[in-house]
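Student: I would like to learn how to read helix packing and a ligand site from a model. Could we go through them one feature at a time?

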Amino acid sequence: MRLEGKVALVTGSSQGIGQGIVLRLAQEGADVVINYRSHPEGAEETLAKVQALGGRCYTAQSSNSHGLTIKADLGSVDEVRQLIAESIEHFGRLDILVNNAGIEKHAPFWEVTEADYDAVMNVNLKGVFFATQAFVQHLIATKRTGKIINISSVHEELPFPNFAAYCASKGGMKMLVRNLAVELGSLGITINNVAPGAIETPINTNLLNYPEKLGALLQNIPLGRLGQPQDVASLVAFLASSDADYITGSTFFVDGGLLWNYQEQ
Ligand code: BGC
């Protein structure tokens with residue numbers, strides 16, 4: 001139970017990697033705040049699973065004594081600030097922030113609309129920026145240290161044709177983690193990126209429905225399989241724990257070797 005007594009907020013935790021992270025942090029003893037934007041039923045499912053593990057958590061629509069489920073669109077700075085404030089209000093503190101919420105939109109570069117560009121950048125980069133800022137303000141005000149873990153992507157490093165805005169947002173996270181590691185170090189706050197490759201989650205529904213595309217991708221993954229949310233969650237739990245106290249400003253890839261497997265066709 002490495003996270004006993006800690007409170008963690010995981011953005012975008014009604015499904016996929018975020019849900020896996022919540023469950024793992026709860027297993028490690030943390031109290032967790034579940035956040036969703038459009039899937040209250042997913043948030044409730046996450047909550048039920050946490051409760052089955054015996055954990056305490058806070059969601060905004062649940063009627064039980066554990067609280068309510070917090071609905072917040074990470075693309076809105078007002079909602080981001082509200083989310084952090086409500087989390088702190090409920091548990092009295094926040095020790096771990098996992099910036100997990102993220103979206104991607106498929107289109108050739110020359111067809112990307114301003115609305116799609118804004119949607120991707122607002123959730124993936126602006127939301128991370130201001131959630132982290134609100135969390136750091138709380139840590140400074142309460143004179144405590146904390147841990148920030150961003151869920152980035154192999155595409156903070158690797159091009160992803162037809163996902164230009166997504167890549168730009170993840171590239172932005174790559175520099176943000178380096179900058180903030182330096183700026184927050186003297187406060188005892190660590191920040192790291194976890195960069196998943198192809199994980200079997202709803203963001204990859206399209207891929208999972210195309211056996212040809214999936215087959216081609218699997219050829220590029222040395223470990224020969226898609227990742228599972230728990231493959232990512234176990235690393236997040238480590239980075240959130242005191243075992244990782246001396247680690248800051250780094251990106252850790254969880255991709256079955258995908259990033260380094262360039263092959264001439
Ligand atoms: C994307 C997935 C993609 C994976 C590997 C992730 O960042 O969200 O859509 O399959 O990278 O390319």
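Student: At what angle do helix H4 and helix H5 pack, and how far apart are their axes?

Tutor: Please keep in mind that this is a predicted model. Helix H4, which covers residues 114-141, and helix H5, which covers residues 164-184, pack at an angle of about 15°, and their axes are 8 Å apart. Angles under 35 degrees count as roughly parallel, and H4 and H5 are therefore roughly parallel to each other. The crossing in which H4 passes H5 is right-handed.

Student: How do the axes of helix H1 and helix H8 cross?

Tutor: The axes of H1 (residues 16-27) and H8 (residues 229-240) cross at roughly 50° and come within 8 Å, an angle that makes H1 oblique to H8. H1 passes H8 in a right-handed crossing.

Student: Which side chains have an N or O atom 2.7 Å from an oxygen atom of the ligand?

Tutor: Those side chains belong to His 155 and Tyr 166, while for the side chain of Ser 153 the distance from an N or O atom to a ligand oxygen atom is 2.6 Å. As for burial, the ligand taken alone exposes 310 Å², and the protein buries 90% of that.

Key
Residues are numbered from 1 along each chain as its sequence is written. This is a predicted model: local features need pLDDT of at least 70, side-chain atom pairs count only at pLDDT 80 or more; totals for chains, interfaces and linings use all residues. Side-chain values use heavy atoms; hydrogens and water are left out. A polar contact is a pair of N or O atoms within 3.5 Å; within protein, one must be able to donate a hydrogen and the other to accept it, and residues adjacent in sequence count only if both atoms are side-chain atoms. Accessible areas come from the Shrake-Rupley method with a 1.4 Å probe; for residues, only the protein chains shown count as cover. Axes are lines fitted to C-alpha atoms, for helices over the stretch in contact, and angles run from 0 to 180 degrees between N-to-C directions. Helices (H or I, at least four residues) and strands (E, at least two) are DSSP runs, numbered from the N terminus. Angles under 35 degrees count as roughly parallel, over 145 as roughly antiparallel, 65 to 115 as roughly perpendicular and the rest as oblique. A crossing is left-handed if the near helix is turned anticlockwise from the far one by less than a right angle, and right-handed if clockwise.
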